[in-house]
Amino acid sequence: MGFIHGVATFSRYRVDGTLPGNYIEEFPKRILRYGFRNLDDLAGEERSVGWVRILDMFDPAFKTMEYFKDPYLALSWRVDTKKIPKEALAQYCRKEENELKEREGIEYLAKSRREEIREAVRSRLLKRAIPQSRVYDMVWNLQTNGVLFGATSNQLCDEFAEFFRKTFELFLIPVYPYTLAQRAFELAEKDQAVADEVRPLFFEEEAVR
Amino acid sequence: MSVLDEVREHEFLGRDFLVWLWCKSETLDGVFDLGDEGEVELWFEGKITLRSDGERSAQTITCTGENARIREARFALREAKKVTSARLHIKEGRDEWSFELDSTWMNFHSLKLPRILQEKGEDPDALFYQRMFLLEKAVALMDALFSRYLEARVSPTWETEEFPALMTWIHEGVLP
């Protein structure tokens with residue numbers, strides 16, 4: 001599923017600003033810096049996001065600059081998440097708390113100690129959890145400044161746009177009907193503001209237009 | 001104004017475009033002349049989602065399949081229901097694309113591209129370039145159709161010819 005295989009679902013952006021003149025030298029450093037890191041290498045983290053090769057989600061090393069596919073820059077954005085079931089965390093915490101209370105001969109534990117136990121249990125269980133991996137393709141046409149991103153959920157798209165900004169230091173502007181209308185009027189040599197003159201249509205029987 | 005507010009304020013642009021496109025696809029034999037982008041055939045593949053904004057909750061109707069259900073969906077427009085997405089099929093020459101387009105963002109969902117014949121051992125980049133060409137082509141065709149709609153929408157004949165014709169189609173299923 002994605003841009004290379006199967007069916008594609010995607011949202012569209014325009015890159016705000018111009019491509020830096022030295023992007024061929026600069027982008028590889030930034031892509032490597034924001035490359036994906038395995039959760040196994042990030043102690044205590046539940047989530048890891050970063051760039052991987054579009055043709056191989058298991059390769060974050062970028063030994064070559066094959067992501068430059070003139071005129072495109074093609075990468076995948078990998079999101080790994082480890083989740084500890086709420087009930088499992090509660091059960092292990094309860095066990096630890098009971099053992100501690102018995103050892104120390106006390107009836108109640110202070111909130112701060114319960115939190116310490118919870119953090120230690122969470123960290124231990126995280127090491128055992130298997131991450132869930134998702135990859136979303138991203139293709140940036142460096143000639144037209146258009147970007148296609150392989151997801152449509154608002155939350156994920158916002159996070160992606162922010163990650164893109166951090167990596168490339170360029171803002172992404174989402175493409176949607178209003179911006180498309182502005183662009184269409186501009187290309188038709190009309191004022192972009194004509195887009196504001198288009199009003200909603202009403203099809204009801206007694207509609208007042 | 002945030003992007004999300006702006007998107008919501010102008011979401012009628014996408015849903016009115018889909019109604020216009022639906023009307024044209026049923027009444028022009030589905031053929032659109034897109035100038036530089038050439039001539040394309042477009043039809044609705046039988047899945048249209050409509051939504052009505054009630055005072056307390058929104059109601060969603062999805063019409064799939066038979067003509068009778070699609071006719072029902074068209075009638076629903078008269079009851080203030082708005083098109084929120086539709087499954088479209090575009091044919092240009094020998095290439096065909098099929099996808100769902102939502103009206104709020106005009107994002108593509110489950111886009112099926114024309115079949116690419118790949119030879120064994122072929123450079124994977126060749127597949128990438130062919131797929132990107134076809135993806136961008138689908139986007140360009142939809143943008144060209146949207147431009148056609150906007151052109152009609154701001155033309156002096158919208159109020160006197162285009163809109164009355166659209167209303168006749170909604171009510172009677174044919175153009176005057």
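Two strands pair if DSSP finds at least two bridges between them. Helices (H or I, at least four residues) and strands (E, at least two) are themselves DSSP runs, numbered from the N terminus. Welcome to a predicted model, where local features need pLDDT of at least 70 and side-chain atom pairs count only at pLDDT 80 or more, while totals for chains, interfaces and linings use all residues. Residues are numbered from 1 along each chain as its sequence is written, and chains are lettered from A and ligands numbered from 1 in the order in which they are written.

**View 1. A strand of chain A pairs with a strand of chain B.** Here β1(A) joins β6 (residues 108-112) of chain B in the antiparallel sense, over 2 bridges. Look for A:A8, which stands opposite B:L111 in β6(B).

**View 2. Chain A touches chain B.** In this view, 32 residues of chain A are in contact (C-beta atoms, placed from the backbone, within 7 Å) with 37 residues of chain B. On the chain A side, two or more residues come from each of β1 (8-16), β4 (72-81), α5 (177-187) and α6 (194-197). The largest share, 6 residues, belongs to α5(A).

**View 3. Helices α2 and α4 of chain B pack together.** Helix α2(B) (residues 11-27) and helix α4(B) (residues 124-153) pack at an angle of about 95 degrees, with axes 10 Å apart; axes are lines fitted to C-alpha atoms over the stretch in contact, and angles run from 0 to 180 degrees between N-to-C directions. α2(B) is therefore roughly perpendicular to α4(B), a term for angles of 65 to 115 degrees. B:F17, B:W20 and B:L21 in α2(B) meet B:L145, B:F146 and B:Y149 in α4(B).

Methods
Contact = placed C-beta atoms within 7 Å. Parallel < 35°, antiparallel > 145°, perpendicular 65-115°, else oblique.
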